[in-house]
Amino acid sequence: MRNKLSEHCVDFIDDAKLEDLVNNTKEDKSIIREVIAKSMEKKALSVKETAVLLSAESPDIVDEIFNAARQLKKDVYGNRIVIFAPLYIGNYCINDCAYCAFRKSLRTTVRKTLSQEELIAQIEALEDNGHKRLILVFGEHPDYTPGFIADTVRKVYTIRKGHGEIRRVNINAAPMDHDGFRKVKAAGIGTYQIFQETYHHSTYAKMHPAHTCKGDYLWRLDGLSRAFESGCDDMGLGALFGLYGWKFEVLGLVTHSHHLQKTYGVGPHTISFPRIRPAHGVELDKKYFVSDYDFKRLVAILRLSVPYTGMILTARETAGIRREVMAFGVSQIDAGTKLELAGYTKKSSVQELSKEQFQIGDVRPMDEILRELLQNGYIPSFCTSCYRSGRTGQIFMEYAIPGFIEKFCTPNALLTLEEYLIDYASPETRQVGEELIVGELQKISCGPQKQKLLERLNNIKNSGQRDLYF
Ligand code: SAM
Ligand code: SF4
């Protein structure tokens, strides 16, 4: 439905065209191999080429896609995984999304907005766990104005405990108008993230009643464009997989990404691909639910299609799936996640679903997740350097620019890991982490850069210095 708000918004999603690509692109292994070869040169794929990869059904060619995604991830991102945590600020909501436990008509959901004291306690608990990067999550409600969101972001940056501080605050909140986006940008947000949920118009209408704010497909679709026009050049897009056919949604995400790139010269900073999870008071038709195998396919295909976009894999997924899918191109995961409002100060990790948006699959504590990453050869990174050095949007080059990973990303990942190991890790995790750092240092060639890195690591370890970055 188009209403007054969205009358000037551009609809760049052509359902018929995307359906046609999904239904009429037939598997042809030689063409699929040509497309894989193009993606291995780190070239973004067109929507049509992405459809070629989606047509792969034979297990042998799907395996070739998996292997290519693994390789591309290594080439573009190295072995770093950025760590963050979500923090729900308020779950009042005026929308009625069929899949969400926070929807307005569900009277049995326990509602809450964090008070200032509760906010401080949550941030301190997150800092005590070692977190440096957060995404603040909001329902859509007249109380959660851009001014309120901006004040919350500012407050979060001021809360310090011991060596703890939050260095990057991202937000996931309902789309605003230009003025609203300018307000939250001025508060220093990192990424503005919003999911289209489904790109399929009639499914969107089914899931989001027309009388609600979110019922306006175009106002939401245009959200990231308004964000960019208002100065937010770090944008996160996503689709909620399980509402409509997964292949269609992949093409929707790629189309959206191309639209931003073409219109503003900047693609999305991240793509998210959450799968629907069980939630309090939610009964959904399972027709479009995505199997684990298809989930792996969609992650691998997205990796190949948008080589320079970060990919976020959340604790919705189980530890086993996260372990497996991570290798296909994920660059960020959350750890030690609690969805309950004020849940980070609770001892128990058992979820109380009437207070939470959905059930998560990976309830392991932060330290355990980090230890496993280290054991598997990943460098957990808390780096926030690009954003704080002005390397964002168009000039954000976390990857692939020759020498960039060696010059900035790996050293910064090691510096932030060292801080974590000293300040927050268990003895077992610290030991595996220190061993990994030694191994990574051996890979870096000698020279002034390595010398500086060694000095900074030493300053963190022996002089108590923190927040050193390149
Ligand atoms: N109210 C904001 C909005 O709708 O944009 C914030 C969104 S919500 C707090 C974050 C995301 O969680 C939603 O965009 C949706 O994709 C996802 N979500 C909602 N219900 C879910 C469920 N049952 N399982 C998995 N993800 C869910
Ligand atoms: Fe509200 Fe967002 Fe949940 Fe929809 S998904 S009911 S807008 S919190």
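Two strands, β2 (133–138) and β6 (192–197), each contribute at least two residues to the shell around ligand 1. The model is a predicted one, and the values below are computed from it.

**Ligand 1**

In total, 20 residues surround ligand 1, and the closest of them are Y99, E197, K214, R220 and R277.

| Residue | Protein atom | Atom of ligand 1 | Distance |
|---|---|---|---|
| E197 | side-chain N or O | oxygen | 2.5 Å |
| R220 | side-chain N or O | oxygen | 2.6 Å |
| R277 | backbone N or O | nitrogen | 2.9 Å |

Ligand 1 on its own has 570 Å² of accessible area, and the protein covers 96% of this area. As to its location, ligand 1 sits in the largest cavity.

**Ligand 2**

Which residues are found around ligand 2? They are C93, N95, C97, Y99, C100, F102, R103, G139, K214 and Q357. The shell around ligand 2 divides into five nonpolar, three polar and two charged residues. The space that ligand 2 takes is the largest cavity, and the largest cavity is also where ligand 1 sits.

**Overall fold**

The secondary structure of the protein comprises 18 helices and eleven strands. Among the strands are β2 (133–138) and β6 (192–197), described above for their part in the shell around ligand 1. Along the principal axes, the C-alpha atoms of the protein occupy a box of roughly 60 × 55 × 40 Å. How does the radius of gyration of the protein stand against that of a compact globule, and what values are involved? A compact globule of 470 residues would have a radius of gyration near 23 Å; the protein has 21 Å, so the value agrees with that of a compact globule.

Notes
Residues numbered from 1 in each chain as written. Chains lettered and ligands numbered in written order. Predicted model: local features only at pLDDT ≥ 70, side-chain atom pairs only at ≥ 80, totals over all residues. Heavy atoms only, no water. Near = heavy atom within 4 Å. Polar contact = N/O pair within 3.5 Å; in protein donor to acceptor, adjacent residues only side chain to side chain. Areas by Shrake-Rupley, 256 points an atom, 1.4 Å probe, with all protein chains shown as cover. 1 Å grid on protein atoms, 1.4 Å probe; cavity = no way out; pocket = protein on both sides within 12 Å on 5 of 7 lines; lining within 4 Å. Sits in = over half its atoms within 2 Å of the grid points. Helix = DSSP H or I, 4+ residues; strand = E, 2+ residues; numbered from the N terminus. Rg over C-alpha atoms; globule rule 2.2 N^0.38 Å. Nonpolar A, V, L, I, M, F, W, Y, C, P; charged D, E, K, R; others polar.
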